[in-house]
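Notebook open, model loaded. I want to go through a few spots one by one and jot down what I find.

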Amino acid sequence: MCGNNMSVPLLTEAVTVSGLEKETAAVIFLHGLGDTGHGWADTLTAIRLPHVKFICPHAPKIPVTLNMGMTMPAWFDLKGLSPDSQEDEAGIKKAAENIRAIIEHEAKNGIPPNRIMLCGFSQGGALSLYTALTCQHELAGVVALSCWLPLHSSFSSASSGKKNLPILQCHGETDLMIPVLFGAMTAEKLKTIVNPQMTTFKTYPGLAHCSSPQEMAAVKEFIEKHLPRI
């Protein structure tokens, strides 16, 4: 990769799953609370495409209110896991800025924003949704696994206009951490923000707060569709 990663803190130690040929597209994958980019590297290697680079940054370690103030990798503070929980607005916005810095870095090095996709699991999926919906660029799409839309009340259908942003949302039906109902509420909200025809919400019977081969096959298909080889 050309360019200086030192100017983008999240890239200095990020895990990269490289393509097998000239990389003309990128997927930025954001892990969940308490995890690192290493946690998804093997899963993403299994679904990689020859022309796509996967970038898996590590969240900084911060105190997390939900876990009694324990310090752990987190994109922003979590105070609760229900639709009406108080949210870390400043932390969410700062985290989104850090992800946008990765997008800008990739754009400067030859991969335009419309060839960049944001993906994530749980808190990482939440940040992926928020970042894509507040980004000045039209990205290739978003994959949001087992997650929710942060600061959902800040998105007004009247003010945001319709974004032609492809979104794949996947959720396990037996998820006890982020109940599938929360995912369904998010899916309905997203239809008021982006073109409803661009959103897909898939649920998986028997799947808890984790991924599955069936879910990852759907993710690969979505990436292939919206980041085709050029």
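Predicted model: local features only at pLDDT ≥ 70, side-chain atom pairs only at ≥ 80, totals over all residues.

**Pro9.** I started with Pro9, which sits in the segment before β1 (15–17). Buried or exposed, I wondered about Pro9? Its relative accessibility comes out at 63%, and the cut-off for exposed is over 50%, so Pro9 counts as exposed. I also looked up how far Pro9 is from Asp88: the two are 79 residues apart along the chain, and their C-alpha atoms are separated by 21 Å.

**Helix α2.** Next I went to α2, residues 89–108. I get 20 residues and a reach of 29 Å from the first C-alpha to the last, close to the 28 Å expected at 1.5 Å a residue. Which residues of α2 are buried? I have Gly91, Ile92, Ala95, Ala96, Ile99, Ile102, Ile103, His105 and Glu106 on the list. As for what these buried residues pack against, I noted β2, β3 (52–56), β6 (116–121) and α3. Just after α2 I ran into Gly110, with a positive phi of about 110°.

Most residues other than glycine have a negative phi. I found two serines to write down here.
- Ser122 has a positive phi of about 55° although it is not a glycine. I place Ser122 in the loop between β6 and α3. Its relative accessibility is 9%, so I count Ser122 as buried.
- Ser146 also goes in, with a positive phi of about 50°, again not a glycine. I find Ser146 in the loop between β7 and α4. Ser146 is buried because its relative accessible area is 0%, under the 20% cut-off.

Phe29 and Trp40 make a tilted pair, 4.7 Å centre to centre with 35° between the planes. This pair links distant parts of the chain, with Phe29 in strand β2 (residues 25–30) and Trp40 in helix α1 (residues 38–46), 11 residues apart. Both Phe29 and Trp40 are buried.

Then I checked Tyr130 and Phe155, an edge-to-face pair at 5.8 Å centre to centre, with 75° between the planes. Here too distant parts of the chain are linked: Tyr130 is in helix α3 (residues 123–134), while Phe155 is in the loop between β7 (141–145) and α4 (157–160), 25 residues apart. Tyr130 counts as buried because its relative accessibility is 7%. Phe155 is buried as well, with a relative accessible area of 8%.

I also wrote down one aromatic cluster, made up of Phe29, Trp40 and Phe121.

**Largest pocket.** Last stop. I get a volume of about 240 Å³ for the largest pocket. The elements giving two or more residues to its lining are β8 (167–172), β9 (199–204) and α6 (213–226). Which element gives the most to that lining? I have α6 down for that, with 5 residues. The lining includes Pro166, Ile167, Leu168, Gln197, Met198, Thr200 and Lys202, and I also see Ala218, Glu221, Phe222, Lys225 and His226 there. Sorted by class, I have 6 nonpolar, 3 polar and 3 charged residues in the lining.

Technical notes: Residues numbered from 1 in each chain as written. Heavy atoms only, no water. 1 Å grid on protein atoms, 1.4 Å probe; cavity = no way out; pocket = protein on both sides within 12 Å on 5 of 7 lines; lining within 4 Å. Points joined across faces, edges and corners; volume = space filled by probe spheres on them. Helix = DSSP H or I, 4+ residues; strand = E, 2+ residues; numbered from the N terminus. Nonpolar A, V, L, I, M, F, W, Y, C, P; charged D, E, K, R; others polar. Phe/Tyr/Trp six-rings, centres within 6.5 Å; stacked < 30°, edge-to-face > 60°. Buried < 20%, exposed > 50% of the residue type's maximum accessible area, 1.4 Å probe, protein only. Expected span 1.5 Å × (residues − 1). Contact = heavy atoms within 4.5 Å.
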